[in-house]
Amino acid sequence: MRIAVFASGNGSNFQALVEYFRERGLTDQFVWLFCDQPNAYVLERASKLDISTSVFSPKEFQTKKAYEEKILECLLDKEVDLIVLAGYMRIIGSTLLDQYESRIINIHPSLLPDFPGLHGIRDAFEAGVKKTGVTIHYIDKGVDTGPIICQESVEIKKGDTLEELERRIHQVEHRIYPKVIEQVVKEMKTMEAHIK
Ligand code: GRF
């Protein structure tokens, strides 16, 4: 299975994914990192992990469709089977969705459907709820609305700071995202074998 990761920022989940697969000697490969932010730290991580990258942003294109068509061209060129979003801060449009239906997965730092959007951790913290968590889900046309694959809750403790909560959420993300992707890949392979 050939996997691409889309990321816009730090890239700690990207690194956790790649290391998990490599440490276990899994044959599936992370073949491409796509990043829409030229200064994102994830690009350094990719370089250290020796993974090929492309960087461009919608600003360089006349329309979102043209931007996604360029991404699609790269995906097809690299024969990517599965797209994993790891802190990619843009909405996936129909150009990519149509071509990669049920093959784009995202991780979101809240218990969806609660606290969708860009600031899932902060919004839960400020709302004063007692627990929040992490959701891994398929992408559909909405914002953080696609079918849920897995959720794990994280308690918000009395006296927690936002930073402490963020740290614990990221710990959970790094532990569960690679395992879920491993499982999804296995299921995709089983389905493919049935079709053949
Ligand atoms: C994670 O919290 C993820 O849930 C959200 O964006 C953040 C990315 O963190 N979608 P990193 O770039 O992987 O460190």
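I'll go through the ligand site and then a database annotation.

First, the ground rules. This is a predicted model, where local features need pLDDT of at least 70, side-chain atom pairs count only at pLDDT 80 or more, and totals for chains, interfaces and linings use all residues. Residues are numbered from 1 along each chain as its sequence is written, and side-chain values use heavy atoms, with hydrogens and water left out.

Which residues are around the ligand? They are Asn10, Gly11, Ser12, Asn13, Gly87, Ile107, His108, Pro109, His170 and Glu173. Being around it takes a heavy atom within 4 Å. Two of this shell are nonpolar, seven polar and one charged. In this count, Gly goes with the polar residues and Pro with the nonpolar ones.

Now the polar contacts, meaning pairs of N or O atoms within 3.5 Å. The side chain of Glu173 has a polar atom 2.3 Å from a ligand oxygen. For Ser12, a side-chain N or O atom is 2.5 Å from an oxygen of the ligand. Ile107 uses its backbone: a polar atom there is 3.0 Å from a ligand nitrogen.

How much of the ligand does the protein bury? Alone, the ligand exposes 370 Å², and the protein buries 87% of that. Those areas come from the Shrake-Rupley method with a 1.4 Å probe.

Last, the record. An unreviewed UniProt entry annotates Gly11, Ser12 and Asn13 as "binding site". Such annotations may be inferred rather than shown by experiment.

Terms used
Polar contact = N/O pair within 3.5 Å; in protein donor to acceptor, adjacent residues only side chain to side chain.
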